[in-house]
Amino acid sequence: MKKIISTFLALVIVFTSCCVVLADEVTTIEFWTWRPEDVTFYDEMIARFEEANPDVKVNQTAINNTEYFTVLAAAMANNAGPDVMQMKCYGQLQTYIDSNYLAPLEEYIPELADFSENARRGAASNVDGVLYGVPAWSQAMLCYYNKSIYEELGLSVPDTWDAFINNLAKCKEANYDALANGTKEGWCVEFLFGGSCLGFTGANDFYDKVVKGETTFEDPAFVTAVEKMGSLTEYMPKIYEGVAYTDMQSSFANEIAAHFIGGTYEYANFLNLNPDINLGVFAVPNIDGEPGYVATYSDMNFSMNSSTKNEDASIKFLKFLASKEFGQAAVEKLANVSIVPGVDAGSVPFIAEILELLKNSCPYIFAVGFRYEQPTGSSLFQSAGQSYMVGEITAEELCKKVQEGIATYYEPFQK
Amino acid sequence: MRIQKTKKQQKYFWIAFFITPGLLMVFVFILLPLFMSMFNSMFDWNNYNRLGFIGLNNFKTLFTGYYYSERFFNAIQNNLKWFVMTMLIQNVFGLYFGYMLSRRINGSEVFKRIFFIPVLFSITAVGFLWGLYLKPNGLINSFLALINAEHLQRAWLGDGKIATYTIILVNIWRWTGFPTLVFMSSVDALPIENIEAAYIDGANELNIFFKIVLPLIVPAITTITVLTIIGSLNVFEQVYVMAGVDGQPNYSTDTICTLFYRTAFGTYDSSSPVIGVGSAMSVIIYLLTFFFSITSISWLQKKEVEI
């Protein structure tokens with residue numbers, strides 16, 4: 001009997017030790033996102049990754065975007081942050097770089113050298129140009145239109161600003177909301193401007209000059225662009241100043257409105273809300289004889305915690321997130337414009353259309369260039385934009401407010 | 001002698017045993033954050049990194065710096081609107097309803113419940129539902145269209161001139177039951193002999209209310225006033241749910257707490273955290289709450305009448 005017991009105990013000890021050894025071989029890393037909507041997608045991607053890397057287990061945590069950075073900042077400050085996380089670009093990325101929360105990635109992920117200059121700009125420190133993120137995808141601000149309404153009213157995609165206004169007028173006459181956009185939330189004013197009027201400023205030329213301080217936001221071209229945005233109020237819904245972002249989305253998706261000026265990130269949501277909607281996109285034409293511009297920006301990076309204890313596993317996962325396989329899945333399943341090199345983004349017709357439009361693009365001006373210090377260009381434009389759109393201030397006053405606000409810290413404007 | 005000492009020690013032990021958890025809570029959740037905020041407000045910050053000691057510079061930035069001072073005084077004005085409207089509408093109605101209910105008017109038991117039910121609702125649910133009713137094509141504007149009053153339709157939450165008042169009115173709708181209940185129980189607790197004597201002496205209802213009831217319920221008025229001051233200075237949830245952390249539109253509904261939250265923690269779309277100024281703001285909120293609460297208590301206590 002004693003012999004049996006001792007043999008059994010020995011077996012238990014051996015088995016337990018084996019389990020411990022095996023368990024030790026699996027490293028678990030924490031991965032945070034601000035996209036509860038995409039949990040299933042990431043679960044699927046993580047399963048693929050874990051299959052190819054059985055020594056790494058990834059725990060996904062999705063937090064609402066409105067709370068994400070508050071929760072993340074608190075976690076990072078207490079050394080309890082995730083190993084790998086979704087991270088914003090440009091100024092908001094810089095916040096985390098300046099706080100030494102993120103690890104530089106180029107030495108670990110040489111593939112980052114293959115990303116385009118624009119993609120790298122969104123993941124780089126503005127101090128030394130070092131990359132702290134794996135660029136994921138970019139967004140473009142443009143105009144969605146309802147193809148069925150266009151067919152019903154005999155309209156065609158506009159090739160001039162006047163033709164665009166004419167289309168809006170025809171939709172209004174036919175009792176549609178010509179434009180779904182409202183101004184209840186400041187950021188909706190910013191994307192209304194970015195998706196419809198940046199071409200009037202001179203697009204890339206203006207961006208290059210204003211960033212260098214060779215011109216200002218009081219430039220007559222910028223004032224004209226703001227005035228053009230103001231002229232759209234005639235075609236917005238009744239009481240547009242009370243129309244919130246979600247109202248805009250549902251109004252377009254439910255075919256109450258004929259146009260929606262916004263980002264490429266809306267596409268999947270429109271189809272979710274109304275799978276039968278027949279929609280198309282175009283770049284709003286500004287200057288006669290010139291194609292319309294879409295405003296573009298890098299939307300997201302994947303970054304690594306500088307104090308992660310699981311560096312090797314995190315790098316493996318980041319390499320997967322930088323891979324063509326992941327980029328392709330993001331295109332096909334999320335309809336995102338992946339900026340991973342080599343991805344066949346054109347395999348989805350909508351993305352192919354976006355890629356065509358992106359051939360004539362310019363930076364989404366405040367998000368790309370003026371979100372590094374307080375008050376950000378975005379917050380200044382958003383608040384002044386809301387006042388302008390309800391007629392409380394003029395376009396010149398809006399531009400002055402933005403210029404003066406940015407000039408309080410932006411050296412090229414202080415000369 | 002020794003037995004007495006042991007008894008005394010035991011008594012102190014049990015006192016300490018019962019008050020320590022409470023004191024710990026106050027220390028951890030009130031005093032410690034206050035001192036941490038004071039400490040943080042005296043340093044320069046680069047995002048989440050604490051840099052050098054800069055004394056009161058963050059307070060200077062808050063009161064005089066471009067952008068912050070404009071936002072801060074705008075928010076303070078809105079807090080003042082909250083206080084004035086709550087005092088004038090919510091508490092006056094609360095007092096009126098409370099008095100009427102204490103007079104046992106017909107259906108008072110039903111009214112008591114109707115007034116108090118909204119207080120029990122979740123603030124998020126109330127904000128969300130009223131947000132729906134107040135949309136451009138929501139219940140309120142649809143009703144106005146139904147009664148041919150389209151000219152009165154507004155962007156209730158989108159027009160900067162009225163958005164704050166709209167949110168305050170929703171809050172008043174939710175909270176009126178609370179002062180109603182406090183005033184009702186306060187009037188109920190008054191000695192009936194005084195009121196009966198006044199009736200016998202020929203006093204009318206108004207005289208009884210202003211000359212007898214009102215002076216005797218000053219302690220309840222003090223409590224409600226102090227709670228209104230604290231509530232008005234700490235307004236956050238209702239604005240956050242109905243107008244977002246930016247106090248939309250164009251900061252017209254901003255309060256010092258939403259401004260503090262945005263400054264200290266940043267926002268998803270447009271700004272990064274500024275911990276130094278945010279901490280200075282939190283210290284100011286503490287000081288304002290403390291100062292106005294103490295002042296109103298001492299002022300109102302002088303008005304109290306003893307029976």
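Buried area is the accessible area, taken with a 1.4 Å probe, that two parts lose on being put together, summed over both. The structure on display is a predicted model, in which local features need pLDDT of at least 70 and side-chain atom pairs count only at pLDDT 80 or more, while totals for chains, interfaces and linings use all residues. Residues are numbered from 1 along each chain as its sequence is written, chains are lettered from A and ligands numbered from 1 in the order in which they are written, and side-chain values use heavy atoms, with hydrogens and water left out.

**First stop: the two chains together**

Select chain A and chain B. Between them they bury about 3,100 Å², and 49% of this area lies on carbon and sulfur atoms. In this interface, 33 residues of chain B are in contact with 44 residues of chain A, where contact means heavy atoms within 4.5 Å.

Next, select B:Lys135 and A:Asp247. Their side chains form a salt bridge, with 2.4 Å from N to O; the term denotes a side-chain nitrogen of Lys or Arg within 4 Å of a carboxyl oxygen of Asp or Glu. The rule finds 2 salt bridges across the interface of chain B and chain A.

Then select residues 237–243 and 256–265 of chain B. These are helix H12 and helix H13, and each supplies at least two residues of the side of chain B that touches chain A. Helices are DSSP runs of H or I with at least four residues, and strands are runs of E with at least two, numbered from the N terminus. By class, this side of chain B has 16 nonpolar, 12 polar and 5 charged residues. Here Ala, Val, Leu, Ile, Met, Phe, Trp, Tyr, Cys and Pro count as nonpolar, Asp, Glu, Lys and Arg as charged, and the others, Gly among them, as polar.

Chain A has 19 helices and 10 strands, and its C-alpha atoms fill a box of roughly 95 × 55 × 35 Å along the principal axes.

Colour residues 28–135 and 300–339 as domain 1, and residues 139–296 and 358–413 as domain 2; such bounds come from an automatic or database domain assignment. The centres of the two domains, taken over C-alpha atoms, are 30 Å apart.

Domain 1 and domain 2 of chain A bury about 800 Å² between them, 60% of it on carbon and sulfur atoms. Across this interface the rule finds 0 salt bridges. Finally, select residues 90–98 of chain A: this is helix H4, which gives the most to the side of domain 1 that touches domain 2, with 4 residues.
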